Amino acid sequence: METKINNAMIALVQGDITREETEAIVNAANSGLKGGGGVDGAIHRAGGPSIMEECREIGYCSTGQAVVTGGGNLKAGYIIHTVGPVYSGGNRGEADLLKSAYLESLKKVTQNRLRSVSFPAISAGIYGYPPREAAHIALETTINYVKNHEDIELVRFVLFSRDIYDVFSDELKKMI
Ligand code: ADP
């Protein structure tokens, strides 16, 4: 499904983010920028070794922050690596940190003068964030951002499974 908010199309799709053609894709990375399982592993596998070389030079990214590398062999020219929180009950600042991961990623889009970006469901896999709450924070943060930033024309949420796609769709329908 998709909906227009201010100058931006917000689109939800089921799929593999490594195949996206937006100018940037976001990686759900870890603080050491060392790759790993889930979407992080998929991006490094598909994009080739230059991405890891750049990550090694950058070295570290705190939870809730974001760093940028080139896209290697991917169609996207940029990868925004952000670190979502590990969910441990919900009383350890997880919501603020997840919001910050989206916000800092969106700021990188603006700072690099890009117009389109794709996000995975940050923290909703290995990091254990409850999908509905994760979807709500993802969509609310993005909608508020594009309301104030006309530079962004397209934000795609690329959801790997039907289940997480359905959760994002439900939450988006409630917000529009
Ligand atoms: P985290 O450690 O932040 O939880 P994960 O990579 O484990 O990150 O999971 C985040 C989300 O990304 C999950 O919903 C997972 O199913 C999804 N995912 C895994 N591989 C891909 C992919 N190639 N494209 C898009 N989403 C993916």
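Which pattern does the chain follow when read along the sequence? The pattern is β-β-β-α-α-β-β-α-β-α-β-α, with five helices and seven strands; helices (H or I, at least four residues) and strands (E, at least two) are DSSP runs, numbered from the N terminus. The model is predicted: local features need pLDDT of at least 70, side-chain atom pairs count only at pLDDT 80 or more, and totals for chains, interfaces and linings use all residues. Residues are numbered from 1 along each chain as its sequence is written, and side-chain values use heavy atoms, leaving out hydrogens and water.

Of the 176 residues, 48% are buried (under 20% relative accessible area; exposed is over 50%, partly exposed in between; 1.4 Å probe, protein chains only). The C-alpha atoms fill a box of roughly 40 × 35 × 30 Å along the principal axes.

The structure holds eight salt bridges, each a side-chain nitrogen of Lys or Arg within 4 Å of a carboxyl oxygen of Asp or Glu. One of them joins E104 to K107, with the closest N and O atoms 3.1 Å apart. These residues are separated by about one helical turn because they stand three residues apart in helix α3 (residues 94-111). E104 is buried at 19% relative accessible area, whereas K107 is partly exposed at 32%.

In helix α5 (residues 162-175), D166 and R162 are four residues apart, which means about one helical turn between them; their salt bridge spans 3.2 Å, N to O.

E153 and R115 also form a salt bridge, at 3.9 Å between the closest N and O atoms. E153 lies in the loop between α4 (131-148) and β7 (154-159) and R115 in the loop between α3 and β6 (116-119), so the pair ties together parts 38 residues apart in sequence.
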